[in-house]
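Q: Could you walk me through a structure with me asking as we go? I'd like to look at some helix packing and then at one residue.

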Amino acid sequence: MASLSEMYDVGWEEMRDKLRKWREDNCRNSEQIVDVGEELISEHSSKLGDDIWIIYEQVMIAALDCSRDDLALTCLQELRKQFPDSHRVKRLTGMRLEALERYDDANKHYDAILQEDPTNTAARKRKISILRAQGKSTEAIRELNEYLEQFVGDQEAWHELSELYINEHDYGKAAFCLEELMMTNPHNHLYCEQYAEVKYTQGGMENLELARKYFAQALRLNNRNMRALFGLYMSASHIAASPKVSAKVKKDNIKYAAWAAAQINRAYKVSIEMSYLDSTFHCFYSFFFFIGY
Amino acid sequence: MQYFMDGELSCLAYVKMYLHSCLFPRCSVNGLLLSSSSAGGAVCVTDCVPLLHSHLPLAPITQLALTQVKEDLRVQEGDQKGRREPGCRRWPNRLVELLQALVSRVPLPVLSPVDFCRLGTDCCPFLSRIMLRQWEETRDIASQLLESGDHGLLVDFDGHLDDITKDWTNQTLNAKIAELSSPANGSI
């Protein structure tokens, strides 16, 4: 079977740069990382210099995600040889045990790391991930709350906690977590939109009004957020339809809903025109290709 | 509330459920099973509409998705001679009706969780006995589409909201599954 570099006519430098970009963007495209990384490691490892070690780590985690234990073990063994006492490598050993569902053994590894270094946040978060994997949501929530009392600035943890609360239908506490995230990330439209969805789900006039405001804020930050557009329409329409609101509130919300509907209509019209243009472009391109341009 | 009855799961419905779960192996997913049944008769699940792969317990997008599916089915019933168009092309014409339906008190269909960890013949807990015509061929079609990477063709409603040019009604995939399951291919 042809290698990736032969199929796509790319050199080892491009493959290395692609892996770096995926690392920096924190992409979880594990199948692609395994395909590219495995070829890079097996055929070009001598050219990579010190980059090889971070690539081993990246490929190992992706391999665990794709159930490629053979590849994960190969990468782990290389890392263990190079960094025998490293906590970072011990964490990877623990992750491999988690992938094999040997949770007790994994916990022992993480406890050993925490005994040597109680401030090791990665090991603590892995222990919480084990609870989540085992379906022990209540314990995971408790541990994550204790973790956040000490490491209050950990945004990944706040987001994880909000997801846990949403899954448990504890929307009030999920909203609190999202408020913490919005305070530290005021320009992130996704947090505003998610907060609005939680408020909408909670229901009641006050929550609907908050939902409408935060859908609108999400749109201010990103006017192409379709979920926020629909959310704005739905929340404004529900408020306008309520018999408890004043005439002014009703009129304002009808206006907001009409605006949102017009924006949705426009977005779909543009998308259809683009898909027509796109198919036209492909026809032209095929035509020119056929006649030898 | 659970309903226990005999039922049949079509190849199309099963394969799309399977591919939806394979496309998002790290997430919980949900979707709508479309069925027809006569009063007191067996349920025949004819199709599946993949809906969400994120924030399943939140209301707005679920409400939007269910309303859109209901509108789409209503249009299909009324449009007997018209050419079937992808959902995204119908939006501007039916937008007003859809948006009105969103805020009206539209009764929601009953949803039943399907255990995707048991993607075999016992995957639908609301059906006490489930019949899959040509189970081996159905399973082969699902595996073939997964191995060829065609599960990437599937678009759920979440994916449609991320990129509204994508067709959540999955016409291309439906055609592929129909082709693979047609008698000409030695199947059903």
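A: What follows is a short exchange about a predicted model, taking a pair of helices in chain A and then a residue in chain B.

Q: OK, so at what angle do α6 and α7 of chain A pack?
A: Helix α6 of chain A, residues 87–99, and helix α7 of chain A, residues 103–116, pack at an angle of about 165°, and their axes are 7 Å apart.

Q: Parallel or antiparallel, then?
A: Angles over 145 degrees count as roughly antiparallel, and α6(A) and α7(A) are therefore roughly antiparallel to each other.

Q: And is the crossing left-handed or right-handed?
A: The crossing of α6(A) and α7(A) is left-handed.

Q: Which residues meet there?
A: From α6(A) the contact includes A:His87, A:Lys90, A:Arg91 and A:Leu97, while the residues they meet in α7(A) include A:Tyr103, A:Asp105, A:His109, A:Tyr110 and A:Ile113. By class, the contact of α6(A) with α7(A) has 6 nonpolar, 4 polar and 5 charged residues.

Q: What about α6 itself, how far does it reach?
A: With 13 residues, α6(A) reaches 18 Å from its first C-alpha to its last, which is close to the 18 Å expected at 1.5 Å a residue.

Q: Which of its residues are buried, and what do they pack against?
A: Among the buried residues of α6(A) are A:Val89, A:Leu92, A:Met95 and A:Leu97, together with charged ones such as A:Arg91, A:Arg96 and A:Glu98. The buried residues of α6(A) pack against α7 of chain A and also against α4 (51–65), α5 (69–82) and α8 (121–133) of that chain.

Q: Switching to chain B, how many helices and strands does it have?
A: Chain B has 6 helices and 4 strands, and along the sequence they follow the pattern β-α-β-β-α-α-β-α-α-α. Of the 188 residues in chain B, buried residues make up 45%.

Q: How many of the contacts in chain B join residues at least 24 apart?
A: Counting contacts between residues at least 6 apart in sequence, 67% join residues at least 24 apart.

Q: Now B:Leu19, where is it found?
A: B:Leu19 is found in helix α1 of chain B, which covers residues 11–23.

Q: Buried or exposed?
A: B:Leu19 counts as buried, because its relative accessibility is 0% and the cut-off for buried is under 20%.

Q: What is it in contact with, leaving aside its neighbours in sequence?
A: Leaving aside neighbours within four places in sequence, B:Leu19 is in contact with B:Ala142, B:Leu145, B:Leu146, B:His151, B:Leu154 and B:Leu173. The C-alpha atoms of B:Leu19 and B:Ser143 are separated by 9.1 Å, although these residues are 124 residues apart along the chain.

Technical notes. Residues numbered from 1 in each chain as written. Chains lettered and ligands numbered in written order. Predicted model: local features only at pLDDT ≥ 70, side-chain atom pairs only at ≥ 80, totals over all residues. Heavy atoms only, no water. Axes fitted to C-alpha atoms, helices over the stretch in contact; angles between N-to-C directions. Helix = DSSP H or I, 4+ residues; strand = E, 2+ residues; numbered from the N terminus. Parallel < 35°, antiparallel > 145°, perpendicular 65-115°, else oblique. Left-handed = near helix turned anticlockwise from the far one by under 90°. Contact = heavy atoms within 4.5 Å. Expected span 1.5 Å × (residues − 1). Buried < 20%, exposed > 50% of the residue type's maximum accessible area, 1.4 Å probe, protein only.
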